[in-house]
Amino acid sequence: MSSSSAAEKVRASHILIKHQGSRRKASWKDPEGHVISNTTRDAAVSQLKVLRDDIVSGKAKFGDVASRYSDCSSAKRGGDLGSFGRGQMQKPFEDATYSLRVGEISGIVDTDSGVHIIMRTG
């Protein structure tokens, strides 16, 4: 893999909700994976849609929601994943992030990790 130049990199934050189809059924919130193993993909998507609506409507801030609800360890940074280039993230996640404008929030993005909403931050 070649290293990306700064111009090719993006920066993003995300909120991940894991479900029974996720490749790793444990998270900082659910170390044993009990809740995740009993969460359907549809339930995860429904939860994420409600959270996204709260963010888009201004009722909640992206970082606050990520800190509280995201199954990713990036939750402690408000969902911030830092900068990354092509080939560093799962393809659906990468494609969604690169298609967003800075400040824009994606719809639901499915990966092997679970379902996400992504906010491009740089």
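1. Buried means under 20% relative accessible area, exposed over 50%, and partly exposed in between (1.4 Å probe, protein chains only). At 52% relative accessibility, Asp64 therefore counts as exposed. Asp64 belongs to helix α3, residues 62-69; helices (H or I, at least four residues) and strands (E, at least two) are DSSP runs numbered from the N terminus. Eleven residues separate Asp64 from Ala75 in sequence, and their C-alpha atoms lie 8.8 Å apart.

2. The model is predicted: local features need pLDDT of at least 70, side-chain atom pairs count only at pLDDT 80 or more, and totals for chains, interfaces and linings use all residues. Residues are numbered from 1 along each chain as its sequence is written, and side-chain values use heavy atoms, with hydrogens and water left out.

3. Four strands form an open, antiparallel sheet in the order β2-β1-β4-β3, where pairing requires at least two DSSP bridges between two strands. Because β2 and β3 stand at the edges with a single partner strand each, one side of each is left without a neighbour in the sheet. From one strand to the next, the twist averages 40°.

4. Three bridges join β3 and β4 in the antiparallel sense. Thr111 has Gly114 in β4 as its bridge partner. Helix α2 (residues 41-56) packs on the sheet and touches β1, β3 and β4, contact meaning heavy atoms within 4.5 Å.

5. Helix α4 (residues 91-99) has Phe93, Glu94, Ala96, Thr97 and Tyr98 buried. The buried residues of α4 pack against β1 (10-17), β2 (80-84), β3 (109-111) and β4 (114-120).

Methods
Axes are lines fitted to C-alpha atoms, for helices over the stretch in contact, and angles run from 0 to 180 degrees between N-to-C directions.
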